[in-house]
Amino acid sequence: MDEELMVEVRRAMANWWATHPHATFAEIEEAVEEQIARIRARMLEQVVADGPRQERPIRRACGSTMTPKQEAGRQLTVRGDAAVQLHRRYAACPSCGAGLFPLDEELALLPSSFSPAIHQRIVRLGTLLPFDRVPEQVAALTGLTVSRETARRLTEQVGAAQVAVEREELHHPPDGRADFMTVLEQTDPLARHMLIGELRPTDQEGTNEPTSDGARV
Ligand SMILES: [Zn+2]
């Protein structure tokens with residue numbers, strides 16, 4: 001961990017005590033959380049930057065070696081409304097012409113300015129609550145400001161991905177659960193995760209028997 005940052009954090013807490021001598025535990029907790037949010041963001045940046053990196057990545061879709069191009073930053077919002085800066089390089093495929101950021105794919109980033117964990121929390125709340133109530137709950141649980149519109153958009157994207165999967169099934173009825181999950185993974189990994197990890201907690205090891213009304217599980 002960055003020693004300079006730790007010194008800064010200790011100093012910030014000492015200053016905070018000087019101005020809040022009669023703080024309650026809840027107030028202390030909140031002040032500590034603020035510092036942890038800073039540490040979390042810096043750690044995420046460092047760990048990603050220190051990770052192994054393919055200089056000439058292979059494009060999975062066509063198997064070609066991609067040509068590295070210019071660097072471009074990307075910012076993600078994480079818990080505590082802290083910003084994480086990622087530095088990654090664009091790459092182009094000489095065979096099929098596709099261009100992408102291999103690191104984004106490797107890290108399974110979503111098309112979102114939120115980190116995957118935050119994105120998932122917003123969508124989860126969006127599926128549980130009326131959209132009007134989502135911003136308040138997101139703020140309470142993650143310290144983030146998110147508009148009703150954003151909550152609606154992110155939640156509906158996952159819903160649309162699920163519909164796309166169901167349509168795909170109609171055209172190519174899968175023989176088993178593996179096919180369904182493969183399609184879902186390709187279409188939307190988040191939706192897949194929510195289906196097996198969150199929305200169907202009792203069916204994680206379930207069979208693929210159609211239910212009595214014909215719906216596929
Ligand atoms: Zn290609």
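Guide: We will go from the chain as a whole to its core. Keep in mind that this is a predicted model.

Visitor: How many helices and strands does the chain have?

Guide: The chain has eight helices and three strands. Starting at the N terminus, the order of elements is α-α-β-β-β-α-α-α-α-α-α.

Visitor: What share of the residues is buried?

Guide: Of the 217 residues in the chain, 17% are buried.

Visitor: Which residues of helix H5 are buried?

Guide: In H5, residues 134-142, the buried ones include Val-134, Val-138 and Thr-142. They lie on the same side of H5 because they span an arc of only 35° around its axis. Just after H5 comes Gly-143, with a positive phi of about 75°.

Visitor: What is the general idea behind a nonpolar core?

Guide: Nonpolar side chains tend to be buried together in soluble globular proteins. Here the largest nonpolar core has 15 residues, and the members that touch the most others are Val-78, Ile-122, Val-134, Val-138 and Ala-151.

Visitor: Which elements supply at least two residues each to this core?

Guide: Strand E1 (67-78), helix H4 (116-128), H5 and helix H6 (148-171) do. H4 gives the largest share, four residues. Domain 2 (53-107) and domain 3 (116-196) each contribute at least three residues to this core.

Visitor: Which residues does Val-78 touch, leaving out those up to four places away in sequence?

Guide: With those left out, Val-78 touches Arg-40, Ala-41, Leu-44, Val-84, Ser-115 and Ile-118.

Terms used
Residues numbered from 1 in each chain as written. Predicted model: local features only at pLDDT ≥ 70, side-chain atom pairs only at ≥ 80, totals over all residues. Buried ≥ 20, exposed ≤ 12 C-beta atoms within 10 Å, placed from the backbone. Arc of directions from axis to C-beta. Core = buried A, V, L, I, M, F, W, Y, C linked by C-beta atoms within 7 Å. Domains from an automatic or database assignment. Contact = placed C-beta atoms within 7 Å.
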